[in-house]
Amino acid sequence: MERRGKVILVGAGPGDPGLLTLRGREALSQAEVVVYDRLVGPAILAMMPEKAEKIDVGKEASHHKVPQWQINQILLDKALEGKVVVRLKGGDPFVFGRGGEELELLVEHGIEFEEVPGITSAIAASAYAGIPVTHRDFCSSLHIITGHARAGAELSIDFEALVRTKGTLVFLMGVTAMPKIVEGLLQAGMDPDMPAAMVESGTTPAQRRCDATLSTLPERAAAMGIHSPAIIIVGKVCALAKDFCWFDKRPLHGEKILVTRPKERAGTLSDKLRALGADVVEYPCIETVPIVPCPEMERALGQIQAYQWLVFTSPAGVEAFWECLRGMGKDARHLGAVRLAAIGSGTARALAGHGLTADLIPSVYDAAHLGAELAEQADGRVLILRAEIGSPALTEALEKGNMSYDDIPVYRTVYENPRSEELRRMLEDGEVTYVTFTSASTVKGFVSSVGEEADFSKITGLCIGEQTAAEARKHGIAVRIAQKATIDALVDLALAL
Ligand code: SAH
């Protein structure tokens with residue numbers, strides 16, 4: 001049977017990736033084609049499945065990049081090809097998002113569709129600026145109005161009717177027409193001292209709020225150079241912003257932090273830093289690739305009884321080991337009495353993910369302590385499954401304790417250079433002040449991506465562990481070292497800046 005495609009209209013919210021709904025994220029993860037707009041933030045674009053076809057139909061203010069009829073046609077064509085198409089739009093698709101227009105052609109052709117609402121900028125940008133769009137003491141209605149006039153035409157807004165409502169007025173697409181909107185409201189009899197505000201790039205790290213009254217808004221906004229995308233809010237509730245603003249008060253607000261974790265594991269650290277207000281740029285400059293097949297590991301696991309300890313120094317090592325074990329048709333029972341050591345809590349968690357408990361986690365999460373504390377406890381042979389180029393500190397400590405060991409590389413680290421040009425510019429402009437490094441290989445990946453000769457004098461590396469810091473210093477990067485080798489300690493370090 002011919003497969004019929006489907007279109008899912010998804011509202012991406014106004015910018016903060018945390019404002020994408022769970023249903024929206026689920027739909028996005030299933031997409032074979034994503035058709036997206038200019039107003040969808042980079043962190044949400046990064047969630048698009050790697051294999052999905054990505055079509056940018058981003059609109060520029062007056063010269064539409066892809067005309068609406070053509071967008072409608074793309075959605076139809078891709079659905080007819082049998083694809084699951086996600087149409088990703090800023091804010092809510094049905095709030096001045098032309099969602100309705102895009103559905104018409106699909107309905108005509110009997111294409112299956114869904115609409116996943118998003119959080120509209122009208123409400124979210126206000127909320128992030130400390131303006132509740134309604135408050136019982138001040139208003140009893142909320143009105144969302146477009147400030148965009150059709151080409152060559154005057155604004156068609158009934159200002160008198162709006163003024164009569166005494167409700168909160170939120171204008172979208174109104175930056176250019178703002179002076180005219182103000183004039184219209186004043187002429188319709190609104191109090192010139194009515195509180196008013198504009199919120200630019202709401203819910204993103206670049207958010208700015210302009211506080212004014214109706215009569216001072218044009219001058220204030222011009223002085224601040226407020227530009228699109230921005231909303232205009234008019235109403236008594238705007239006066240609450242001075243008490244309710246919270247977004248710019250978060251501890252890391254205004255800091256741009258580059259997170260260089262491996263692609264697979266950027267999530268938690270980025271989320272935590274973002275929640276504290278940082279402008280996080282994810283830069284996954286390394287990737288770990290298991291060595292497959294890995295005859296050395298298979299041989300060692302085949303005679304696992306010969307070892308007293310099995311040692312892991314990263315979650316990637318745990319995963320490579322587990323895959324190998326499965327490939328041999330074995331499971332956890334095969335390990336028998338062998339004891340397990342993990343370099344830190346992240347690696348221990350990776351073991352726990354397979355129902356395995358680490359018997360030893362060193363008091364300080366680094367290779368030297370792991371080796372020394374193993375040497376104290378162990379008297380049999382040790383099997384180390386780790387990266388191709390592992391830290392010598394581990395084996396040195398074992399040798400010092402007269403331990404015998406096998407050190408088997410089970411994955412390799414591949415450096416990626418996805419956006420080196422952009423990164424180099426950000427470093428040169430002093431735009432990025434902090435870069436997180438969770439291992440020496442993230443430092444190497446970062447440096448190889450930007451280029452050895454780049455100027456690292458303007459950045460400070462926030463490092464997990466002495467070895468990571470040593471690698472950073474080698475390249476002239478100033479460093480701060482987390483108290484403990486955990487993500488939380490790294491976050492604490494950022495907070496202490
Ligand atoms: N469907 C969208 C609106 C699209 S019209 C929604 O529900 O939000 C585009 C207008 O939305 C812009 O001109 C601006 O007024 C507003 N807008 C979108 N994102 C915004 C943001 N992050 N901050 C402020 N205004 C935004």
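How many bridges join strand β11 to β12, and which way do the two run? Four, and they run parallel, with β11 covering residues 256-259. One example: Ile 257 has Val 280 of β12 as its bridge partner.

Hi everyone, a quick word on what we are looking at. This is a predicted model, where local features need pLDDT of at least 70 and side-chain atom pairs count only at pLDDT 80 or more, while totals for chains, interfaces and linings use all residues. Residues are numbered from 1 along each chain as its sequence is written, and side-chain values use heavy atoms, leaving out hydrogens and water.

Strands here are DSSP E runs of at least two residues, helices H or I runs of at least four, both numbered from the N terminus; strands pair if DSSP finds at least two bridges between them.

Now the sheet. It is open and parallel, with five strands in the order β12-β11-β18-β19-β20. β12 (279-282) and β20 (478-481) are at the edges with a single partner strand each, so one side of each has no neighbour in the sheet.

On to the ligand. Among the 17 residues around it, the nearest are Val 95, Thr 120, Ser 121, Gly 202 and Ala 230; "around" means a heavy atom within 4 Å. For polar contacts (N or O pairs within 3.5 Å), a polar side-chain atom of Thr 120 is 2.8 Å from a ligand oxygen. A polar backbone atom of Ala 230 lies 2.7 Å from an oxygen atom of the ligand. The protein buries 93% of the 540 Å² that the ligand exposes when taken alone, by the Shrake-Rupley method with a 1.4 Å probe.

Definitions and conventions:
Polar contact = N/O pair within 3.5 Å; in protein donor to acceptor, adjacent residues only side chain to side chain.
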